[in-house]
Amino acid sequence: MTQKVAVLGTGKIGEALLSGMIRAGWAPADLLVTARRPERAQELQERHGVTPVSNQEAAKTADTLILTVKPQDMGTLLDELAPHVPADRLVISGAAGIPTSFFEERLAQGTPVVRVMTNTPALVDEAMSVISAGSHATADHLAHAEEIFGAVGKTLRVPESQQDACTALSGSGPAYFFYLVEAMTDAGILLGLPRDKAHDLIVQSAIGAAVMLRDSGEHPVKLRENVTSPAGTTINAIRELENHGVRAALIAALEAARDRSRALASGNS
């Protein structure tokens with residue numbers, strides 16, 4: 001962990017990554033950050049002991065560059081970085097929808113690029129980060145990316161052709177669960193419960209169900225069947241979900257998210 005790592009465009013996810021890396025053993029002195037606003041850079045320095053630098057300085061001095069700016073800002077950032085990034089730098093992109101070829105075409109020939117799609121549970125060290133290699137990235141580069149993002153959760157290697165699907169499932173995935181909890185909370189209020197009690201009931205049920213899914217080894221169908229008694233309350237609720245096409249709506253929603261990821265890659269705003 002003696003290599004210098006720079007996080008460029010350090011927002012919430014970038015800061016969560018920095019914090020996780022420090023807890024995992026990286027020295028703050030080896031971590032560089034860039035931010036659009038000087039006061040944000042100073043805040044990161046005061047909070048974590050990391051070193052604020054310019055984008056150009058990060059490109060010249062860091063061994064690994066993690067680019068966390070928004071997809072629409074990535075082209076501008078690369079134009080600024082390209083003259084200063086040697087071909088032996090590892091570049092990690094955290095931008096949804098942008099393929100590694102986008103970076104390889106704009107950086108020095110042979111620059112290793114790794115594409116990572118993480119998600120907001122990085123803020124609580126429960127991220128799902130999906131990692132893919134560009135054409136010049138080696139197994140060592142992938143392992144280094146896994147070491148970094150493993151500090152804030154789990155990692156999974158996939159071919160880059162599967163990244164848009166992973167963005168739809170796990171990158172955007174937390175929002176679907178928040179949406180479901182919001183709807184179930186409203187239902188609890190309709191059924192006569194105070195909002196705070198409905199919220200507590202649903203959140204703990206969600207946590208328990210997630211742990212069971214992770215730790216039991218059982219298929220979700222089996223776990224659902226264990227709750228679904230003949231002629232009981234659960235089967236009546238599931239019948240209504242099926243009648244309203246919830247399963248089909250989820251499939252369509254994830255397809256829409258995948259298609260949007262593809263559109264971002266093609267430059268459509």
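Mentor: Start with one pair. Arg115 forms a salt bridge with Glu160, and the closest N and O atoms are 3.1 Å apart. Keep in mind that this is a predicted model.

Trainee: Where in the chain do Arg115 and Glu160 sit?

Mentor: Arg115 is in strand 6 (residues 113-117). Glu160 is in the loop between strand 8 (153-157) and helix 7 (163-171). The two are 45 residues apart, so the pair links distant parts of the chain.

Trainee: Is Arg115 buried or exposed?

Mentor: Buried means under 20% relative accessible area. Arg115 has 5%, so Arg115 counts as buried.

Trainee: What is the general idea behind such pairs?

Mentor: Side chains of opposite charge can pair when their charged atoms come close. The working cut-off here is 4 Å between the side-chain nitrogen and the carboxyl oxygen.

Trainee: How many salt bridges does that rule give?

Mentor: The count comes to 17. Another of them joins Glu146 and Arg157, with the closest N and O atoms 2.7 Å apart.

Trainee: Which elements does that pair tie together?

Mentor: Glu146 lies in helix 6 (residues 139-149), and Arg157 lies in strand 8. The pair therefore ties together parts that are eleven residues apart in sequence. Glu146 is partly exposed, at 21% relative accessible area. Arg157 also counts as partly exposed, at 41%.

Trainee: Which residues do shared partners join into one network?

Mentor: Glu15, Arg40, Glu43 and Arg47. Take Arg40 and Glu43 within it. Their closest N and O atoms are 2.6 Å apart.

Trainee: How are Arg40 and Glu43 placed in helix 2?

Mentor: Helix 2 spans residues 38-48. Arg40 and Glu43 are three residues apart there, so about one helical turn separates them. Now read accessibility. Arg40 is buried, at 11%. Glu43 is partly exposed, at 31%.

Trainee: What does Glu15 touch?

Mentor: First place the residue: Glu15 is found in helix 1. Glu15 counts as buried, with 12% relative accessibility. Leaving out residues up to four places away in sequence, Glu15 touches Thr10, Arg40, Leu44, Arg47 and His48. Arg40 and Arg47 in that list are also members of the salt-bridge network.

Trainee: Last, annotations. What does UniProt place at residues 160-263?

Mentor: The unreviewed UniProt entry gives "domain: Pyrroline-5-carboxylate reductase dimerisation" there. Compare the label with the fold of the span. Residues 160-263 are 82% helix and 0% strand, with end C-alpha atoms 15 Å apart.

Trainee: What does UniProt say of residues 4-97?

Mentor: The annotation, from an unreviewed entry, is "domain: Pyrroline-5-carboxylate reductase catalytic N-terminal". This span is 40% helix and 19% strand, and its end C-alpha atoms lie 27 Å apart.

Technical notes. Residues numbered from 1 in each chain as written. Predicted model: local features only at pLDDT ≥ 70, side-chain atom pairs only at ≥ 80, totals over all residues. Heavy atoms only, no water. Helix = DSSP H or I, 4+ residues; strand = E, 2+ residues; numbered from the N terminus. Buried < 20%, exposed > 50% of the residue type's maximum accessible area, 1.4 Å probe, protein only. Contact = heavy atoms within 4.5 Å. UniProt positions renumbered as here; feature names shortened; annotations may be inferred.
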